[in-house]
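Subject: Structure handover

Hello,

I am passing on the structure we talked about. Please look at it first, then read the notes below it.

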Amino acid sequence: MDDTIISADIVVVGGGSAGCTAAIRAQEALPKGRVVLLEKANIKRSGAIAIGMDGLNNAIIPGHATPEQYVREITMANDGIVNQRAIWEYAVNSWPMLQQLDAWGVKFQKTASGDFDVKQVHHNGRYVLPMPEGYDLKKILTRQIRRAGVQVVNRIMGTRLLVEESGGQRRIAGVLGLDVRSGAFAIIRAKAVILACGASGRLGLPASGYLFGTYENPANAGDGYSLAYHAGAELTGIECFQINPLIKDYNGPACAYVTGPLGGHTVNALGHRFIKSDYWSGQMMLEFYKELHSQRGPVYLKLDHLAGETITEIERVLHRTERPSRGRFHAGRGHSYANDLVEMHISEIGLCSGHSGSGVWINERAETTLAGLYAAGDMASVPHNYLLGALTYGKIAAGHALDYIASKDVAGAGAETASFSEAIDAERARVLAPLARTDGIPPHQLEYKIRRLVNDYLQPPKTATRYERGLLHFARTAEELGQLGASNPHELMRAAECGFILDCAVMAAKSSLYRTESRWGLYHYRLDYPERDDARWFVHVNLHRGKDGTMQFLERPVAPYVVPVSDSELHSYSQLRIAEPANT
Amino acid sequence: MPDLPNREPAKAAQAKIVGNAQAVRRFDVPVVVDAAKCVSGCHICVESCPVDCLAIDLATSKATMKHDDCWYCLACEIDCPNDAITVKIPVLLR
């Protein structure tokens, strides 16, 4: 089969929230330029918000919140280990993006006077803007993609990046990938690449044992983390896992951000509140974990005290957007919000800066450490960035990628592909190899095994002994990647994803071992180093693939804050617990 | 009765290098397509699926869930123009 060959000025990998705004911004600035949007699914239903979203979690709307407040809140929520300039860039650019979405027809909840109806869910500030009719969000973005004239290439998954090396300089030269329908190998040459591949959402195994029962859209298998790693770009904070409080078994959000402002809240088995804030932070997750594993567990979302019309309103939102099958999950068990508590649990681990802080290291210009390579959204290192962060940073990334390709020092798209023939041939052989192994291991079985090992050895709380054992198992499993067999292009995609998942597992293990303290609540809770140690560990832990092919670690200082945060504020997220009354 | 010969060292070595054998097993899958309502020639649901688990069955020209990868997201059900699809919660979660 012939290779699929594409040439572009800018290629965006991933057509979710960040990828869409990146592609729109780039194409609008280059009316005659070639902007290509690669998507492993179909952009009309892809990314974390394939089925829409029920609200913005981090809207910074004049009159309700300021960029200073927001930067301070996220600095506290992430225990101080942040690049504030990157959060600040989001904070000041997100309001124009929100207005842009409003103009595109995205429906936000407004008051009778037409003001945005902002709610408080975070520990301190007001940033949550409901979108009760947010189910059309991805369709609206897709319409804007078409209107801008972006060249959309659906069902091609990036598997490695193409890097040009000359005179000691390294810069991006394109993307290699797989057409997951035809099985063709794809070569996409580009002057700049924007990675927007979403979270590593298929890392741990859901407790149900169902591979695709993940919180994140399971198409987001950590592709971007792996692509950036193998290209030699730095990743950061990988030890700061994503763990979410979810509806038990359904493994989707309950969702406290929707129900909280309407009076819903988390309770233990005694019916008592035990956390002050339902905002998802590692510190909140640690209290949740402790409660679940105490005699006061399990933990529930309590809605049965609410008025009938409030419950109807909650159902109208939760059963139509983000994860609309929540409704039939409850109905199938004969449960209702009016009569039953919603049993909650904590999820398997993932990597997602959108919720916590682990991602490809970027600065406030969305630049990675590799020239010409940008990253945005759930895979880029701006902590707690969520949906509006993805949309905002996609646009920021495109703006700076445009500046980059306008400079003289870029790898030419289309020309001298022959000089990459060795790298291209090796990657084609690697990606297509499972097709030749007709009796090879089916990808779903190896994936199950990798993710089961992730649960066994990496699920917090963490210890060095368990993590080192885990690494031994991952090394053994890495050899089995070479025994994968695929009988069709779909299985070929799943086989390549096993590699992404294993890369993320190894990064998660080694980063966690490196940081010998506890931080971010449950996300990096080490039983062998249970205390937070600011004197030693007030640094970013970054990793990259060294010249010898091994994983290298380095520490980067936390850049001076642009918004001052006092020491007492830096510990405010450690005080989320509500004490039990003395007589219980 | 004489001791059985200990074949384990040889078999253990053999197990490391022998090829793989495979079996096929049935799966209960979440996406249920009403063939009477599914329109031949339409593949909207196949394009909608974010995990590419649907396909058109070439023998019947109808959509079917081909791979056990469903996220029960309802994209196919919502986007079907003829209400031919019902998505169930996967049996392991139900």
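The notes below go from the model as a whole to single elements and one residue.

Model and numbering

This is a predicted model, in which local features need pLDDT of at least 70, side-chain atom pairs count only at pLDDT 80 or more, and totals for chains, interfaces and linings use all residues. Residues are numbered from 1 along each chain as its sequence is written, while chains are lettered from A and ligands numbered from 1 in the order in which they are written.

The predictor gives the complex an ipTM of 0.95 and a pTM of 0.97.

Contact between the chains

Two residues are in contact if their C-beta atoms, placed from the backbone, lie within 7 Å. On that basis, 27 residues of chain A and 22 residues of chain B take part in the contact. On the side of chain A that touches chain B, helix α9 (residues 326-332) of chain A gives the most, with three residues. Helices here are DSSP runs of H or I with at least four residues, and strands are runs of E with at least two, numbered from the N terminus.

That side of chain A divides into twelve nonpolar, ten polar and five charged residues. The classes are as follows: Ala, Val, Leu, Ile, Met, Phe, Trp, Tyr, Cys and Pro count as nonpolar, Asp, Glu, Lys and Arg as charged, and the others, Gly among them, as polar.

Domains of chain A

Chain A has a domain 1 (245-346) and a domain 2 (430-557), with bounds that come from an automatic or database domain assignment. Taken over C-alpha atoms, the centres of domain 1 of chain A and domain 2 of chain A are separated by 31 Å. Seven residues from domain 1 of chain A and five residues from domain 2 of chain A make the contact. The side of domain 1 of chain A that touches domain 2 of chain A has four nonpolar, three polar and no charged residues.

A three-stranded sheet

Chain A has an open sheet of three strands in the order β3-β5-β4, with antiparallel pairing. Two strands pair if DSSP finds at least two bridges between them. The edge strands are β3 and β4 of chain A, each pairing on one side only.

Strand β3 (residues 55-56) of chain A is joined to β5(A) by two bridges: G55(A) has P130(A) as its bridge partner, and L56(A) stands opposite L129(A). Strand β4 (residues 119-120) of chain A also pairs with β5(A) over two bridges, with Q120(A) opposite R126(A). A hairpin of five residues leads from β4(A) to β5(A).

Four of the five residues of strand β5 (residues 126-130) of chain A are buried. A residue is buried if 20 or more other C-beta atoms lie within 10 Å of its own, exposed if 12 or fewer, and partly exposed in between, with C-beta atoms placed from the backbone.

Helix α10 (residues 386-406) of chain A has 21 residues and reaches 30 Å from its first C-alpha to its last, close to the 30 Å expected at 1.5 Å a residue; the expected span is 1.5 Å times one less than the number of residues. Of the 21 residues of α10(A), 15 are buried.

R25(A) lies in helix α1 (residues 17-29) of chain A. Why does R25(A) count as buried? Because 23 other C-beta atoms lie within 10 Å of R25(A). Not counting residues up to four places away in sequence, R25(A) touches K395(A), A398(A) and G399(A). The C-alpha atoms of R25(A) and V150(A) are separated by 9.8 Å, with the two residues 125 apart along the chain.

Regards
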